[in-house]
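Reader: I would like to go through this model term by term. Please set each value against its cut-off.

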Amino acid sequence: SLDVSQNAVLDYLYCPYNQLTSLDVSQNAVLDYLYCPYNQLTSINTNGADAIETLHCGNNQLTSIDVSQNVNLGSLQCYDNQLTCLNVANGNNTDMALYAENNPDLTCIEVDNYIWATSNWLGEVDPQTSFSEDCNNDCTSNLTELSTSKNLIQILDMMGRETSFKPNTPLIYVYDDGSIEKVFSVE
């Protein structure tokens, strides 16, 4: 896991080729570049990352992406995922590059103007995918909830010794439901 929620001035995040399953940058308002391909992401939350201009999240396991709140987005690369829902209706489509190929279950992409999108992005999507101003689906409802009801009971260092939270140090979180999580918090 990767927790960047306390990094308020983070503007560039490069984290490809890991085994991340979820990523939440909603607390990173000045983040303008997010490069997270080749992970195992099933959820990504960019709401609140108001400055984001580039989002590269290809080669993951995402089923849903909603960037409708990211009005500064200039490039979205979300190819090679398992998308069924994609909402890019952010009021900025004419200044945005989109690459959404190899998402065989994606049939509709919600956009600002379907005529413009069809004329400009048709080569960047699969043949079964069309554009609409209302795909009649809500990408946000498909997001995996990132918070859980489990409680942290112990923090261990990599040697298995009990410790307290330390930034920039790999730690193991032990929860009351028996689950564990490797955590690395960057400051």
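Reader: How many aromatic pairs does the count come to by this rule?

Author: The count comes to 6 aromatic pairs. The rule takes rings of Phe, Tyr and Trp (its six-membered ring) as paired if their centres lie within 6.5 Å; planes under 30 degrees apart are stacked, over 60 edge-to-face, and the rest tilted. This is a predicted model: local features need pLDDT of at least 70, side-chain atom pairs count only at pLDDT 80 or more, and totals for chains, interfaces and linings use all residues. Residues are numbered from 1 along each chain as its sequence is written, and side-chain values use heavy atoms, with hydrogens and water left out.

Reader: What makes Tyr 17 and Tyr 38 a stacked pair?

Author: Their centres are 4.6 Å apart and their planes 5° apart.

Reader: Why is Tyr 17 called exposed?

Author: Exposed means over 50% relative accessible area, buried under 20%, and partly exposed in between (1.4 Å probe, protein chains only). Tyr 17 has 59%, so it counts as exposed. Tyr 38 has 34% and counts as partly exposed.

Reader: Why are Trp 116 and Trp 121 called edge-to-face?

Author: The planes are 85° apart and the centres 5.1 Å apart. The angle is over 60 degrees, so the name edge-to-face applies. Trp 121 is buried at 3%, while Trp 116 is partly exposed at 23%.

Reader: How do you know that Ser 68 is buried?

Author: Its relative accessibility is 16%. That is under 20%, so Ser 68 counts as buried. The place of Ser 68 is in the loop between strand E7 (64-66) and strand E8 (75-77).

Reader: What makes the link between Ser 68 and Asp 66 a polar contact?

Author: The two side chains come to 2.6 Å. A polar contact is a pair of N or O atoms within 3.5 Å; within protein, one must be able to donate a hydrogen and the other to accept it, and residues adjacent in sequence count only if both atoms are side-chain atoms.

Reader: What does the side chain of Asn 70 reach?

Author: The side chain of Asn 70 reaches the backbone oxygen of Ala 49 at 3.2 Å. Asn 70 is also in the loop between E7 and E8. At 1%, Asn 70 counts as buried.

Reader: How do you know that E6 and E8 pair?

Author: Two strands pair if DSSP finds at least two bridges between them. Strand E6 (residues 54-56) and E8 are joined by 3 bridges, so they pair. They run parallel. One of the bridges joins Thr 54 to Ser 75 in E8.

Reader: Which strands form the open sheet, and in what order?

Author: The 5 strands run E2-E4-E6-E8-E10, with parallel pairing. E2 and strand E10 (97-99) stand at the edges, each with a single partner strand, so one side of each is left without a neighbour in the sheet.

Note on methods: Helices (H or I, at least four residues) and strands (E, at least two) are DSSP runs, numbered from the N terminus.
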